[in-house]
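Visitor: Can you walk me through this one? I'd like to start with how you name the pieces.

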Amino acid sequence: MDSALPLAITHEVRDRCLCLHLQRAARAVARRFDDLFRPLGITQGQFSLLMSLNRPDTPHMGDVAHLLAMDRTTLTANLKPLERRGLVTVTPDPKDKRGRCLQLTEDGRALLKQAVPLWRTEHDALDMLLTSGNPDRLRENLLALSFPPPQE
């Protein structure tokens, strides 16, 4: 008995699979930003993490993990090099010693100020590559996939 799937199904998955297309696009975009930020000594993931801390309040680890769609263990691992470099501080929550609060340091803020103009220029170039000519619609659709409404 032949248990092989027809090639047509392989082509269907290749052409239709959102997961495949999103992962491939995410890797390509991440490589562009990793190359862009390399002179600053950070990756695109570290840029996003640092930017998520740029707010007036001191966020809790759980809030940042949720925003970045990562588990706390992964977030902790990603924070370590930034903390060693003096870009971020991780302190116990004064209201609950089990929790952790995250804060940008002055060096972290200075690095973001250097990174943002580079990020803007690269984002303008990426927006021009979108064939629909509507990058905001793509972002809306990606958000809808990232945070779907609860099912009843």
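Guide: Helices (H or I, at least four residues) and strands (E, at least two) are DSSP runs, numbered from the N terminus. Residues are numbered from 1 along each chain as its sequence is written. This is a predicted model: local features need pLDDT of at least 70, side-chain atom pairs count only at pLDDT 80 or more, totals for chains, interfaces and linings use all residues, and side-chain values use heavy atoms, with hydrogens and water left out.

Visitor: OK. Where is Ala 69 found?

Guide: Ala 69 sits in the loop between helix H4 (61-67) and helix H5 (72-84).

Visitor: And what is the phi of Ala 69?

Guide: Near 55 degrees, a positive value in a residue other than glycine. Most residues other than glycine have a negative phi.

Visitor: Is Ala 69 buried or exposed?

Guide: Ala 69 is exposed, at 69% relative accessible area. The cut-offs: buried is under 20%, exposed is over 50%, and partly exposed is in between (1.4 Å probe, protein chains only).

Visitor: Switching to helix packing. At what angle do H1 and H2 cross?

Guide: The axes of H1 (residues 7-16) and H2 (residues 18-37) cross at roughly 50 degrees and come within 6 Å. That makes H1 oblique to H2. Axes here are lines fitted to C-alpha atoms, for helices over the stretch in contact, with angles from 0 to 180 degrees between N-to-C directions. Under 35 degrees counts as roughly parallel, over 145 as roughly antiparallel, 65 to 115 as roughly perpendicular, and the rest as oblique.

Visitor: Which residues in H1 and H2 meet?

Guide: From H1, Val 13, Arg 14, Asp 15 and Arg 16; from H2, Leu 18, Leu 20 and His 21. Contact means heavy atoms within 4.5 Å. The residues of this H1 and H2 contact divide into three nonpolar, one polar and three charged. Ala, Val, Leu, Ile, Met, Phe, Trp, Tyr, Cys and Pro count as nonpolar, Asp, Glu, Lys and Arg as charged, and the others, Gly among them, as polar.

Visitor: Charges next. How many salt bridges does a search of the whole structure find?

Guide: Eight. The test is a side-chain nitrogen of Lys or Arg within 4 Å of a carboxyl oxygen of Asp or Glu. One of them joins Glu 12 and Arg 16 at 3.8 Å, N to O. Both lie in helix H1, four residues apart, about one turn of the helix. Glu 12 is partly exposed at 43%, and Arg 16 is exposed at 63%.

Visitor: What about Glu 122 and Arg 32, how far apart are the closest N and O atoms?

Guide: They are 2.5 Å apart, in a salt bridge. The pair links distant parts of the chain: Glu 122 is in helix H6 (residues 106-129) and Arg 32 in helix H2, 90 residues apart. Glu 122 is buried at 15%, while Arg 32 is partly exposed at 30%.

Visitor: Which residues are linked in a network of salt bridges?

Guide: Asp 127, Asp 136 and Arg 139. Asp 127 and Arg 139 meet at 3.5 Å, N to O. Asp 127 lies in H6 and Arg 139 in H7 (residues 135-146), so the pair ties together parts twelve residues apart in sequence.
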